[in-house]
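Me: I have a structure open on my screen and would like to learn how to read it. Could you take me through it, feature by feature?

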Amino acid sequence: MISSYFRKSIVSCAIALWVFMPISSWAEKAHFGDFCTALAGHWQGSAAKLKQQPMQTSVQAICSADQQQLLVSVSRNANHNFSETWWFRRRGESTFLIYFDGVNEDKSQSFSLYRQYGSYTLLGEGELNKRPALIQLRFEPKDNGWLWLQNVQYLDDDTDRYLFYRGIEMVRVSLQEEN
């Protein structure tokens, strides 16, 4: 009976470890140039934070010629009617971000960039809502575009999973629709 209980506990622990393992232990490091070119373009879709009504947005992403910088402009953010800018750039093995929305003080963050099954994930430790947090920016392939999920795991509580913070649907705008 003890050995049966012990075996079930080991299996349960193994499953729990697999489910809650950090992405870095089962994903590969991604090349910033691949990430940059994959996201470059003009996108549209809806965006929403948790417990908010979705709003239509457009996203313009420009990859530099050397594929070392990605400038992403979102037409409206969830808190203000102003656009927001995400400036990602490769800095050694890390991806550095400067975020500004025209209202609040600029924010900067260092991330590690991973790729798994066609998705790109940026992971970094920072602060959100004046709380220490692990921040995850995940770009999941979806139909003719991406689903950009912004997730957070607060380090000052016992939650052992990422919580949804905001999502942005990015569907490629065709050249005919732009003209």
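Reply: We will go through confidence, the disulfide, the strands, backbone angles and the aromatic rings.

Me: How should I treat the coordinates and the numbering?

Reply: This is a predicted model, in which local features need pLDDT of at least 70, side-chain atom pairs count only at pLDDT 80 or more, and totals for chains, interfaces and linings use all residues. Residues are numbered from 1 along each chain as its sequence is written, and side-chain values use heavy atoms, with hydrogens and water left out.

Me: Where is confidence lowest, and where is it highest?

Reply: The score to look at is pLDDT, the predictor's confidence in each residue, from 0 to 100. The chain has an average of 84, and 80% of the residues score at least 70. Helices and strands here are DSSP runs (H or I, at least four residues, for helices; E, at least two, for strands), numbered from the N terminus. Confidence is lowest in helix H1 (residues 2–20), with a mean of 35, and highest in helix H2 (residues 32–39), at 98. Over residues 1–25 pLDDT stays under 50, and the model has 8 contacts for them beyond four places in sequence; a contact means heavy atoms within 4.5 Å.

Me: Which cysteines form a disulfide?

Reply: A disulfide is a covalent bond between the sulfur atoms of two cysteines. The search rule asks for a pair of cysteine sulfur atoms within 2.5 Å, and across the whole structure it finds 1 disulfide. The partners are cysteine 36 and cysteine 63, with their sulfur atoms 2.0 Å apart. This pair links distant parts of the chain, since cysteine 36 is in helix H2 and cysteine 63 in strand E3 (residues 55–63), 27 residues apart. The link is right-handed, with 125° about the S-S bond.

Me: Are those two cysteines buried or exposed?

Reply: Burial is read from relative accessible area: buried is under 20%, exposed is over 50%, and partly exposed is in between (1.4 Å probe, protein chains only). Cysteine 36 counts as buried because its relative accessibility is 0%, and cysteine 63 is buried at 18%.

Me: What can I look for in the turns?

Reply: Most residues other than glycine have a negative phi. In the hairpin of E5 and E6, with 2 residues between the strands, glycine 92 takes a positive phi near 65°. In the hairpin of E6 and E7, with 6 residues between the strands, glycine 102 has a positive phi near 85°.

Me: Which residues other than glycine have a positive phi?

Reply: Asparagine 129 is one of them, with phi near 55°, and lysine 130 is another, at about 60°. Asparagine 129 is in the loop between strand E8 (119–128) and strand E9 (131–142), and lysine 130 lies in the loop between E8 and E9 too. Lysine 130 is exposed, with a relative accessible area of 78%.

Me: How many aromatic pairs are there?

Reply: Rings of Phe, Tyr and Trp (its six-membered ring) pair if their centres lie within 6.5 Å; planes under 30 degrees apart count as stacked, over 60 as edge-to-face and the rest as tilted. By this rule the count is 9 aromatic pairs. Tryptophan 86 and phenylalanine 88 are stacked, because their ring centres are 6.3 Å apart and their planes at 15°. Tryptophan 86 and tyrosine 99 form an edge-to-face pair, 4.7 Å centre to centre with 65° between the planes. Tryptophan 86 lies in strand E5 and tyrosine 99 in strand E6, so this pair ties together parts 13 residues apart in sequence. Tryptophan 86 is buried at 6% relative accessibility, as is tyrosine 99 at 13%.

Key: Pairing = 2+ DSSP bridges.
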